[in-house]
Amino acid sequence: MSTVSTLAESTVAQAVLSVRDLRISDQANGREIVHGVSFDLAPGRTVGIVGESGSGKTLTCRAALGILPVHFEVTGGAIELDGRDITGLAPAEWTAQRGSTISAVFQDPASYLNPSLRVGAQVAEVIRVKKRAGRRAARRQTIELLRAVHLRDPELVYGQYAYELSGGMLQRVLIAAAIAAGPRVLIADEATTALDVTVQAEILDLLADLRDRTGLALVLVSHDLAVVAQLCDEVLVLRQGEVVEQGPTREVLHHPRHEYTRLLIAEHEQYGLDRFLAPEEDV
Ligand SMILES: Nc1ncnc2c1ncn2[C@@H]1O[C@H](COP(=O)(O)OP(=O)(O)O)[C@@H](O)[C@H]1O
Ligand SMILES: [Mg+2]
């Protein structure tokens, strides 16, 4: 029996998110901005999307979340969640889907929180709405979530306001809110970009931990190859809306085929990208 092929086949069969030749256009001028992105993502796995600013990473994510900016549209391809194409969903269907099957965290967590409400109450509100929980149950579940994202003293944090928390703590609160309704896919779009290096590493550890414990599938988006190298099984290199390179992370980092990928790697050598890459014993 070939274990390897069985495993590979079951991974493909199980893909929770499949993006196929996704094309996104700006309907204001008819210009295509994203020119065909494809990947399959299975539970417990991580795909990385890297590329310079403006390459179409965020638009790709927003298409999968049903929150493209006005006059942007999916003009080709498909996005399947559990085998169901979601590109044609009506707004009400999107509202039901978002958070419960696919969810996201972005850069600048403070901007997603109301400064005049306690952070715990805001996470609890997500649970009340998405899981139709009562007040007391929502509070209890929120405390559990704050604990799950490794916030020390979750009861204390529950009652605090955004301005009382550090950037790293705020991102943990946002991750708690994002996973509150038990999504199967979590998109982290530059979620660690604004954080200092130590905190960035802690948040990446947290995401990996949630993935490994719950089977969450992760889409990790960053302009920083080192971030992606740390966590991802597969990586897509995007440039001007085009996938210039795609494959297993180690393969892409050790044997980049495209000049642009080599450039990204060279840029990051000074930050010690090689720390994330064990020597290639097997080649
Ligand atoms: N809200 C918007 N309005 C107009 N153009 C946009 C908007 N969002 C993105 N774009 C265009 O789409 C391109 C890709 O943007 P984006 O996906 O945000 O890039 P990335 O996340 O890789 O930095 C940008 O270069 C920009 O021209
Ligand atoms: Mg972006």
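This is a predicted model: local features need pLDDT of at least 70, side-chain atom pairs count only at pLDDT 80 or more; totals for chains, interfaces and linings use all residues.
**Exercise 1. Find which side of helix H5 faces inward, and what it packs against.**

Step 1: Locate the helix. H5 covers residues 135-148, and its 14 residues reach 20 Å from the first C-alpha to the last, close to the 20 Å expected at 1.5 Å a residue.

Step 2: List the buried residues. In H5 these are Ala138, Thr142, Ile143, Leu145 and Leu146. They cover an arc of only 160° around the axis, so they sit on the same side of H5.

Step 3: Look at the opposite face. Turned away from the buried side, it carries the exposed residues Arg136 and Arg140.

Step 4: Name the partners. The buried residues of H5 pack against helix H4 (119-130), helix H6 (154-158) and helix H7 (167-179).

**Exercise 2. Decide whether Thr192 is buried or exposed.**

Step 1: Thr192 belongs to the loop that links strand E7 (185-189) and helix H8 (197-214).

Step 2: Apply the cut-off. Buried means under 20% relative accessible area. Thr192 has 5% relative accessibility and therefore counts as buried.

Step 3: See what it touches. Leaving aside residues up to four places away in sequence, Thr192 contacts Gln200, Ile203, Leu204 and Val227.

**Exercise 3. Describe how the protein holds ligand 1 in polar contacts.**

Step 1: Find the helix that gives the most to the shell around ligand 1. This is H2 (residues 57-65), with 3 residues.

Step 2: Collect the contacts to oxygen atoms of the ligand. A polar side-chain atom of Lys57 lies 2.8 Å away from one. Polar backbone atoms also take part, from Gly56 at 3.1 Å and from Leu59 at 2.8 Å.

Step 3: Check the cover. Taken alone, ligand 1 exposes 560 Å², and the protein buries 61% of that.

Note on methods
Residues are numbered from 1 along each chain as its sequence is written. Chains are lettered from A and ligands numbered from 1 in the order in which they are written. Side-chain values use heavy atoms; hydrogens and water are left out. Helices (H or I, at least four residues) and strands (E, at least two) are DSSP runs, numbered from the N terminus. Buried means under 20% relative accessible area, exposed over 50%, partly exposed in between (1.4 Å probe, protein chains only). Contact means heavy atoms within 4.5 Å. The expected span of a helix is 1.5 Å times one less than its number of residues. The arc is that of the directions from the helix axis to the C-beta atoms. A polar contact is a pair of N or O atoms within 3.5 Å; within protein, one must be able to donate a hydrogen and the other to accept it, and residues adjacent in sequence count only if both atoms are side-chain atoms. Accessible areas come from the Shrake-Rupley method with a 1.4 Å probe; for residues, only the protein chains shown count as cover.
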